[in-house]
Structure formats: structure tokens, C-alpha cells
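Please keep the sequence and the structure at hand while reading.

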Amino acid sequence: MFRYQPERIISPYTAIIRRSGNPFELAHVLVSWLIGAGYDAYVVVGCAKRDVCMAIRYRTVCPEIPDETEAIEEPPPPEEEPRYRLVPLPDLTSKYCKEMDQKEADKKQAELDKKENERLKKIAELEKPPPDDIDGWRTHAWVIVLPGFKGVQEPFFIEPSEGDAYPLNAPQYQQLDSVYNNENYYVNLQSCADGLGSISYDLSDLTCWEHLLAGEPFHRRQLVGVDYSDKKTAFETEKHLDVPSSWVEKLDITADEYEQRYPGSHKVIRYKKVVLEKFAPYSERDGIIKRIKIFDDYALTLPLLTYEWYKNRVDNMLTTKIDHIKREVREIFGIGRKDHLLKHVYSLDAPPTSVEGERTLEFNYYARLDHLTKLVCTPLTFDEYYTDRADRLETRFITYTEGNKSDPKRQVKDIVETYSRNSDIPSKDDIWKKIFHIQENTIELLYHYDYNFVTNNTRSFIKPNLAETGGKILFYPDKTSGYIADPCAKPPRPLDVYYALCDNMDSEYHSRKHIRDRETDINGYLKQRQHELTEPVLFVGLFDTERNEAAKKGWQEQEAQKAEITEREKEAEIDPLAPYLARMFGSGHGTGALTVKEATIVREQCINDFKAKQLARQNLVQERFDKLNAEYKNKRLWYLANQFILTPEKESAYFAMSAELAFQVHTLEVRLTRHKDLSGPRFKALEDYLAKHPLLKEYNRMRHYYRMK
């Protein structure tokens, strides 16, 4: 049967420019990149199923659906068995009853499994693709990577149209005819009836693979008795026909093209009940880079879940999950937000800017001053969870009353605070739980359990009416009661009970104030979050001059200033006669030529100053040289006179100082010699410049006339 093959194949460079191609062209591009990266990659020519050849994926499960199954960590077994163990209680249940219950459970499970298998069988029958008349004859090209390079241990396939790796026994690949790359062309001589995973991929085995070009590439040869380091001798030992050099232009992807990712910066792939969308960075206003929509039907009309991934957002939002059945949204944030929020879960029906809705907020407690870990809000509750607080507060649960027509706003009903154990004080004085009944005007205290006690101490108060007492806290023994778990313990003193009442009333006041402040903060955060969702802002790098408008403007201004300075320097060359002309005529002298007398004075002054400057520089270097040279000689004479009485420390200090002085003397000597050598050429260059100066034109003409005469 005839196999369809492309009549012509464009080059990998053209395929990259067009951003499209058939399977052969895509395989050539992928193999070119893999070989350039150091892999042993080949283009495979063979047969594949219809869905692979035609890039049909709506019958394929999406491989990028995130796995949200929670991994249950089992505790490790004990290293040593305890020496003494309690004898387990005897099992008094009937074994016959257990067997009958197990049989009944197995029977029900078998019926459920049978129904499930029938359901899956029906689904598989409905999802089964229509029959293919040319199944097994559809020509396709993909990529194989062989082991031996870059840490590859086993060969595997890569589908170039999607970039996913598959094992050799992948069912979508049916026949393998040949493989090739830039070194040779290998024809498969093996049968593929048992699958592609059963054949040998040792290309040097001539019984399995026929070579188009005789010999092997140099890195595959197994030469015996030949010096591998001498490549010329090795090549002459076994002749090998080389594939003609590639005429394709060098493959190159610019940073802008790489960042664009997909044609039009957007790509949509439809899988089985899933739509996968990919976006290039900065291509969307909200910074989304990937979206996965999961549907309940094959027509993709009933959404179940939506996953979204973001990048470069100022609010540090990384992922979003929308559950359309539960009508719930989950937002995940990265480290770095000012409020240190990590996770925000809320209902779609909750008010967007009010705390009176179902939502959960999780924070990075370590970076927060209050060590808040989690907030759980519902219309009638408000729960706070803390970690590692200095006051040992662990949780705070607030219960509200429902609003009515007269007072639609909810009111605080109860506040429950729990504290961890403080080992520095006895358990009878260490409060475990505080319960403030705001509506009933009472306070309950529960203390931690003591060792070997099944009950704990409790204390309850009925708060006095401060309006009747003028703001003073009065103690009434009949308005307090308590329970002491230890019958041998003394009852607390009334003064201690009064102090406990004062402290807890003050604690209740601060807790209620804290709740109001927390609700205000959360409402402010929700308003800010609503603004971040409606008007997202993307982070732009400081050195990204394409998107950072401020940096781009500053860079352009700097370039303009540099160009202006360079142009100004070109226009205004340094004139050695400028100081002397300014001294004689002032700053208003034009470009006209000087008279012979004026030119003579200016020229002589310039030459005399140059000679004086050169002489002064020479004298300065000579003076420093003589001074250091004399100091070096004196140190040398001192050492020769005292070298036998010097300690090792003084001798090492002398050698260090002597080396430093010798280096300085040598440096000054080189500078002095260089100055003497360059003084003559510099003076000659000055004379040549003055001889061509336009202001000294008349003087130079007269000088030349008398010199020639």
C-alpha cells in the first residue's frame, strides 16, 4: 500500500522562521537542537497511529493536569522493640461473624467493581476512534535519543509536535523503517511485529542496521591497535564516507522570539474533556502563562475546574484554582507580599470586599509580627490560628449573632481563646482556655490538666455592671464560682480571684478591640485584592529596557548626552595656543591670522613653557630618584655593617623594606628614561603642529622664506 510522504522538506531555519512544519520538518529542528546540545539524537522514519500523525489530541488525557492527591506519610517503624509491652486485650468477637461480614463486604464490592467496569467499558467503546483504513501505513517522523551522552541511560522517543518523551514500547508508534542524522542513514533490518521496544538500537550491529555510508562515525569506531590521539592515522586506517556538510543557515532564536513562545503569543490545545491554553510572558494584561479548563462533557460546555498559572505579577499571585461545582476559588501567592499572604480560598458567592463571607487566608507566620498562621471566616464565625507566639496564644474563635431588621450588622456573641502550656508555672494557674460570653456578660476560664488528673480547674465570673459602679470593678463572691480538681489543694484567696477578674476583663476589652481592628484590616485587604484583580500590574525588571519605560527613557537620555558630548569634543579640539591668545587678546579673539610680531611672541611663549614644563618634570623625577637611591644605598651599607648581629625578625623586615625601595627606584628610573626618550619626539610634534597652525600662517611663510634664502 502507498505511504504518503512529503514531496519536499523545508530547512530547519525556514521552519523556525515560519513557526510551522510537517512532522519531518519539526523532527529536523528538534534533532538539530539536541545534537547541538550534545545528545546522540536521530530522526526516526516509520509508521504511527492516526491521532499522532494528524496531531489529534481530543482522545488523549491531558498530561499537564496537576496531581492534587495528598501524599500520606506513614510513621517509620520503631528502631527497637520495647522491652516491656502491655498485653493486648483478647478479641472476643466471633470469627464466624467476621468471616460472614467480610464475605458480604466482598460481594458488595464485587458488584460495585462489576458495575464500574461495565461503565468504563461503555465509555471506552464510545471513545473508541472510528476504524482507520490505512492503519499501520501512515508515515510519520519522530525523534529518538540514544544513550551514551549527557547522562542518558536508556533510549527513548520524543514526539516533536508536542515535545513529550515516550518509552520505546509506546503504543502510538507502530513501525520503524530507518533513522538518520548529520552523520549517517541507517535502515532497520529487524521485524517490528512485537513492538518497537523489542528491537535492538545498537546502530553498529550490521545484522540489525544497514548503513547508507560505509564505516562508522569516529566516536562510534572500535579501532584495535590504533593510536586514538592521532586522528589522521585513525581515519586512514578505516575509510569513512562523510555526509555532505549542511547548507542550512545557523539556527538562532533571539531573546524576543524565545520570549514570544508561540505564534501570536497564544496556543490552544484540546485534550479529552480538557482545554489547555498557553501564553507568552507579558502577552496578557494579567500575566497569565497557562490555563487548564476541565469539563464534564466532550462538547466542552460544562466546566468543572479551572487552573491558572501566573508570572511577573506585582501581587505575587502564582496559581489559581476555580471549582465551578463548589463555586470556590483558591489563590496561591509567593513569598514577598507586604501582608505575607500565602493562600486565599473563598467562595464565589461571598461578598468581594467584606469579611462576612466564607473564606480562608493562610499566612507566612514567621515573617509576621503577630505570628498569624490562618484565618477562617464564615458569615457567623471568625477563627484565628497562631504559631510560636510569645504569649502562647494558639487560637481565637469568634462567634457572631445574626443580624435582624433593627440591627442588620452582626454582633460578637462569644470569644474563645486557647493557650499552650507554660512549663514555668503550675498547671492549676496556667490558663488553657478563655471563654468570653459577650451577650451573657460572663467569663469562663479553663486551666491546663495536671499530670495524672482527668479533670482540670475551672473558674467562671459574672462581670459587674460598670455603668452602675461608676467604671470601678467591684468584687462580689456570689458572682464567681470555680472547680478545683485537686481535693487537697487550698482554695484561692479572694484577692487572687479579684485580680483574675480584672485581668480577664481587660483581656476581653483588648480581644474585642483586636477583633474590630482585624476585621478592618481584612476588609482593607479584600478591597486591595479586588483592585489587584481588576487592575493587575506586572513586574518589569530594572534592566528590561523594552518594557521598563522609565529605564528606557533614562537609557535614551544617557545615549543622547554621550552623543552630544562626543560631538562637542569633535568640534572643539584642544589648541595649545589658546591660553596665550587669551592672555594677549582676551577671550574675544577671532579666527584671523596674527601679525608676524604677535605670532613670534605667542610661539616663543608656547615653546618656552613647554621646555620649562618638561625640564621641571624631569628635575622632579630625578630628585625623587636620587633621594630613594641614596636611601637604598644607606640601608644596604647599614645591613652589611650589622648583618651578623640582626635578629631574624629585623632581617626579614630589612629584606621587605629593601625590596620595596628597589622596586620604587626601578620604577623612577624607568619613568626618567622614558621621559628623556619622549621629550624630543614631543617637542618635534609641537613644532610640526605650530608650523601648520592657521593663526601662524604669516609667521611660518616669512620663516620659510628666510630659511630658504
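## Loop residues and their exposure

Asparagine 316 counts as partly exposed because its relative accessible area is 21%, and buried residues are those under 20%. The coordinates discussed here belong to a predicted model. Asparagine 316 sits in the loop between E11 and strand E12 (317–323), and although this residue is not a glycine, its phi is positive, at about 65 degrees.

Leucine 300 likewise has a positive phi, near 60 degrees, in a residue other than glycine. The loop that holds leucine 300 runs between strand E10 (288–295) and strand E11 (303–310), and with a relative accessible area of 23% leucine 300 is partly exposed.

Aspartate 478 is found in the loop between strand E22 (458–462) and strand E23 (480–483). Its relative accessible area is 67%, so aspartate 478 is classed as exposed. Taken C-alpha to C-alpha, aspartate 478 and isoleucine 65 are 65 Å apart in space, while 413 residues separate them in sequence.

## Helix packing

Two packed helices are described by the angle between their axes and by the distance between those axes. The two pairs considered here are set out below.

| Helix pair | Angle between axes | Distance between axes | Handedness of crossing |
|---|---|---|---|
| H9 (residues 578–585) and H10 | about 130 degrees | 10 Å | right-handed |
| H10 (residues 596–642) and H11 (residues 648–691) | about 165 degrees | 9 Å | left-handed |

Helix H9 (residues 578–585) and H10 pack at an angle of about 130 degrees, with their axes 10 Å apart. That angle makes H9 oblique to H10, and the crossing of the two is right-handed. On the H9 side the contact is made by Tyr580, Leu581, Arg583, Met584 and Phe585, and on the H10 side by Glu598, Ile601, Val602, Gln605, Cys606 and Asp609. Sorted by class, the contact of H9 with H10 has seven nonpolar, one polar and three charged residues.

Because angles over 145 degrees count as roughly antiparallel, H10 is roughly antiparallel to H11. The contact of H10 with H11 has, by class, 20 nonpolar, eight polar and 13 charged residues, and the crossing of H10 and H11 is left-handed.

## The chain as a whole

The protein chain contains 12 helices and 23 strands. Its radius of gyration is 45 Å, whereas a compact globule of 709 residues would have a value near 27 Å. Along the principal axes, the C-alpha atoms of the chain fill a box of roughly 140 × 100 × 75 Å. Of the 709 residues in the protein chain, 31% are buried. When contacts between residues at least 6 apart in sequence are considered, 46% of them join residues that are at least 24 apart.

Key: Residues numbered from 1 in each chain as written. Predicted model: local features only at pLDDT ≥ 70, side-chain atom pairs only at ≥ 80, totals over all residues. Heavy atoms only, no water. Axes fitted to C-alpha atoms, helices over the stretch in contact; angles between N-to-C directions. Helix = DSSP H or I, 4+ residues; strand = E, 2+ residues; numbered from the N terminus. Parallel < 35°, antiparallel > 145°, perpendicular 65-115°, else oblique. Left-handed = near helix turned anticlockwise from the far one by under 90°. Nonpolar A, V, L, I, M, F, W, Y, C, P; charged D, E, K, R; others polar. Rg over C-alpha atoms; globule rule 2.2 N^0.38 Å. Buried < 20%, exposed > 50% of the residue type's maximum accessible area, 1.4 Å probe, protein only. Contact = heavy atoms within 4.5 Å.
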